Amino acid sequence: MLHDNQKTEEAGQIETAPSPEREQVIRAVIDEIRPNLRRDGGDCELIEICGNKIMVRLTGACVLCKLSSATLEGIQAKLIEELGEFVRLVPVPGAAARL
């Protein structure tokens with residue numbers, strides 16, 4: 001994992017790695033909703049943080065659930081509230097965990 005002062009170059013763009021504090025807040029928000037998802041047979045897994053895009057994978061019952069978009073919207077709203085900045089939650093089907 002990259003630290004704050006390290007950078008990565010992808011597709012011609014240089015992006016700074018997320019700060020450990022920012023990643024901790026993002027993980028805490030996902031962990032807060034996780035018991036509700038697991039109770040219904042699903043889960044949400046953090047895949048990658050790339051600037052204001054936060055990639056997650058829904059698993060289990062969440063994959064085919066008709067309310068998964070509402071779940072993602074709720075997580076995104078909570079992330080915006082906790083981080084104090086606009087972020088976009090991006091579902092990534094079948095991606096391997098990177099973080």
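This is a predicted model: local features need pLDDT of at least 70, side-chain atom pairs count only at pLDDT 80 or more; totals for chains, interfaces and linings use all residues.
**Salt bridges, helices and a sheet**

Residues are numbered from 1 along each chain as its sequence is written, and side-chain values use heavy atoms, with hydrogens and water left out.

Back to K78. Which residue does the side chain of K78 meet in a salt bridge? The partner is E82, at 3.3 Å from N to O (a salt bridge is a side-chain nitrogen of Lys or Arg within 4 Å of a carboxyl oxygen of Asp or Glu). Both residues sit in helix α2, residues 68-83, and because K78 and E82 are four residues apart there, about one helical turn separates them. E82 is partly exposed too, with a relative accessible area of 40%. Elsewhere, salt bridges with shared partners tie D31, R34, R38 and D43 into one network.

Let's pick one link of that network. D43 bridges to R38, and their closest N and O atoms are 3.2 Å apart. Is D43 buried or exposed? D43 counts as buried, at 15% relative accessibility, whereas R38 is exposed, at 52%.

In α1, which covers residues 20-39, R27 and E23 are four residues apart, about one turn of the helix. Their side chains meet in a salt bridge of 3.0 Å, N to O. R27 is partly exposed, with a relative accessible area of 29%, but E23 is buried, at 10%. Searching the whole structure turns up nine salt bridges.

Now zoom out. The protein chain has two helices and five strands (DSSP runs, numbered from the N terminus: H or I of at least four residues for helices, E of at least two for strands). Reading from the N terminus, the order is β-β-α-β-β-α-β.

Three of the strands make an open sheet, ordered β3-β4-β5, with mixed pairing (two strands pair if DSSP finds at least two bridges between them). The edges are β3 (42-50) and β5 (88-91), each with a single partner strand, so one side of each has no neighbour in the sheet. Neighbouring strands here are turned by 30 degrees against each other on average, direction ignored. In general, strands of a sheet pair through backbone hydrogen bonds, either parallel or antiparallel. How many bridges join β3 to β4? There are eight, and β3 and β4 (residues 53-60) run antiparallel. Our friend D43 turns up again here: its bridge partner in β4 is T59.

Where do the helices go? α1 lies across β3 and β4, at about 165 degrees to β3, while α2 lies across β3, β4 and β5, at about 145 degrees to β5. (Axes are lines fitted to C-alpha atoms, for helices over the stretch in contact, with angles from 0 to 180 degrees between N-to-C directions.)

Finally, the whole chain. Of its 99 residues, 32% count as buried. Take the contacts (heavy atoms within 4.5 Å) between residues at least 6 apart in sequence: 47% of these join residues at least 24 apart.

Key
Buried means under 20% relative accessible area, exposed over 50%, partly exposed in between (1.4 Å probe, protein chains only).
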